Amino acid sequence: MGCGTSVATETQRKIVERAMKAAVLIQRWYRRYMARLEMRRRYTWNIFQSIEYAGEQDQLQLSSFFSFMLDNFTPLNGNELDLISQLLDPVVDPWLDSQTCYNLIPVPETYSGPRLSFPLNVSDTNTLLNAFKEQQTLHARYVIQLLYETKKLLKQMPNIIHLSTSYTKEITVCGDLHGRLDDLLLIFYKNGLPSADTPYVFNGDFVDRGKKSVEVVILLFAYFLLYPDYMHLNRGNHEDHIMNLRYGFTKEVMLKYKTHGREILQLFQDVFSLLPVATVIDGKVLIVHGGISDQTDLDFLSSIERHKVSGNNILRLPALMIKQRDFYNVKSALRFPRYSLEKRQRLFSHQDSNASTSSSSSSSSYSSSSSLCSPRTPSCLSPRTYPSSPSVPVSLTLLQVPFLDSLSSVPPPSPPQREQEWKQIVDILWSDPKTQDGCSPNTFRGGGCYFGPDVTQRLLLQHGLQLLIRSHECKQEGYELCHSGQVITIFSASNYYEEGSNRGAYIKLGRELVPRFYQYQVSKSTRKLTLTQRVRVAEGSALRALKEKLFAHRSELLAGFQDFDQQFTGSVSVSEWAQVLESILRLDLPWRTLRPQLARLAPDGGVEYRSCFEDMGPGCPLPQVTPNLAETLFRYRTDIEIIFNIIDKDHSGLISIEEFRQTWRLFSAHLGVDIDDSAIDDLARSIDFNKDGSIDFTEFLEAFRVVHKLDGKDHPPSDKMDLEKYL
């Protein structure tokens, strides 16, 4: 009896032990699995952010080209201004001078969209809201009148808006929307429409990237007109006409309003330039789009006479030429000043004499502040060299460019008043926080600065504040706290990089000024995916974008690899492979971790570097295009498309051969790309397929789109069509 009990107990004990071992093994496997999944999620995020910031650096170079074109582009028709000048140095259309010009635009009886009456009432905004839900477009006549009314009201607003919670229970603060209408509609659904009971602050970047920027900004302006005391709009760095050229808003406006697109675009530029730059709640919470710097002074910022400057002259660096001192021209935060040749030579020769000192000091300051609040942590911040313009016969580095860091490499002893004003506004719109003390130029974005906890604390104490709310950076959870909770980043565009990549969020502040966060994600398909599938979708999209970046720099990368592969074995060590990628692409990614996704290993353990490019190729290569020209087209495809769209005045998709030649000659000369004029002429003639003197550049650029050879096979999904395999 007793013996049988003993055997049963022993058997039970063994069963329990085996179960415990199995549980431990399962738990260990699960933890490792989740750790690998988290690693994939993090490097996917780093890829997205690195490429986004690299795009903003490309915008820096393109902005330089625009200024160069303004100085050198000769209109083909001497009787009219070319579109480049009108977009970048717009001259007010006399037709727009009339405050009732919109009355001259007829609304046909066949128009089935929303009809507005001014001043707006609740019925008008409800009609507009429902119309946009039904994919309807507001007629140009109402758009122009709405923009006129918005412009008129904004001229009465101060630079910094002061709000109080004593008149309302809570104030809702929203971050970047970037043309995501679904996110805006979801916020209104969850939180309520703007009203006296539900006041809002939208913190900039309403437009660009998303496909519904026009609808988003029209809704915001409509509610602003309806409730000017309860709907507040801060300016973001994308409320800028040169940013709009690159990131889609300009193209969206011109496609949706072909007849009056240019007039609407000009009014949007004027309205954007009149938006307030900051909001303060109860004298304790500061809300700005980007951030601050060690020079930010709210009292000084409030004193800028914004209302005395016309809509065409806000937020562009004032030209440093003596002749232009009395003309305050800061329309675009991305616009270079146009120096005279003598001024440029004197400035850059002065910089050259201090280049080594500036570079070393900048590098040391960056290395001490390489850990940022954002997931992306720059570790390689040596100055990046850009080709010089023919009109500037010197080599520039990023830290020497007179751009958004306000001549940070050669700080003037006492900058003129207007340059100080420009610097204040740019820092507010473009800066990002970092975890270490200090303030340094934000070279990864090309504008503003990185500010540390000491800079935050100093400004809060100086102005009696307790909290800084900013946007400007996408966060995976929709928000993030740093600087001991004194800085909050809020981002309201969910699925910003890819379906399921991030949540959106907004903040509610009551009288206690304790922030409460509300998260959401707009997506029907994402809810049906598992965590693994969501990571796989985002990872696939990120790797596609990264491989396109590799393909666009193919010749440079191969040359770098071959410097280490003197015996032409076709392989280099993993460390050499990573070193070449980092030095050429400057994306600051975990290349060793990404190696299995990008390249094969050789039998000796090295990396077969040519395998980086195996699964990519050109769309429909033209036989007339030389390899040198083809790679240039791949690399600068976005920039070229923007320039062609500017020249294509009627948006027909066609430009003349002469315009094509002139654009390419300027572009290649400005970038220092070695392309013969004869090659451009031969190319222009060869792609004029029907010999009518015009070029279909949309079809032309399609030939220089990177095609992934594994699409439709075993490549991770990146769009809605591919998602169905994982549902």
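Predicted model: local features only at pLDDT ≥ 70, side-chain atom pairs only at ≥ 80, totals over all residues.
**Entry 1: the whole chain**

I began with the totals. The chain holds 25 helices and 23 strands. Of its 727 residues, 57% are buried. I then looked up how far along the chain the contacting residues lie from each other. Among contacts with a separation of 6 or more, 74% join residues 24 or more positions apart.

I picked α5, which covers residues 140–154. The 15 residues of α5 should span 21 Å at 1.5 Å a residue, and the end C-alpha atoms are 21 Å apart, so the two agree. I also looked up its burial: α5 is mostly covered, with 13 of its 15 residues buried.

**Entry 2: α5 against α7**

Next I looked at how α5 packs with α7, which covers residues 213–226. I noted that a helix pair is described by the angle between the axes and by the distance between them. For α5 and α7 the angle is about 55 degrees, and the axes are 10 Å apart. That angle makes α5 oblique to α7. The crossing of α5 past α7 is left-handed.

Which residues of α5 and α7 meet? On the α5 side I listed Val143, Leu146, Leu147, Glu149, Thr150, Leu153 and Leu154. On the α7 side I listed Ile218, Phe221, Ala222, Phe224 and Leu225. I sorted the residues of this contact by kind: 10 are nonpolar, one is polar and one is charged.

**Entry 3: helix α10**

I moved on to α10, residues 261–273. From the first C-alpha to the last, its 13 residues reach 18 Å, close to the expected 18 Å. Is α10 mostly covered or mostly open? I found it mostly covered, with 12 of the 13 residues buried. Among the buried residues of α10 are Ile264, Leu265, Leu267, Phe268, Val271 and Phe272. Glu263 and Asp270 are also buried, and both count as charged.

**Entry 4: helix α14**

Last I looked up α14, residues 417–430. This helix has 14 residues and reaches 20 Å between its first and last C-alpha, close to the 20 Å expected. α14 is mostly covered too, since I found 11 of its 14 residues buried. The buried residues of α14 include Trp422, Ile425, Val426, Ile428, Leu429 and Trp430. Also buried there are Glu419, Glu421, Lys423, Gln424 and Asp427.

How values were computed:
Residues numbered from 1 in each chain as written. Heavy atoms only, no water. Axes fitted to C-alpha atoms, helices over the stretch in contact; angles between N-to-C directions. Helix = DSSP H or I, 4+ residues; strand = E, 2+ residues; numbered from the N terminus. Parallel < 35°, antiparallel > 145°, perpendicular 65-115°, else oblique. Left-handed = near helix turned anticlockwise from the far one by under 90°. Contact = heavy atoms within 4.5 Å. Expected span 1.5 Å × (residues − 1). Buried < 20%, exposed > 50% of the residue type's maximum accessible area, 1.4 Å probe, protein only.
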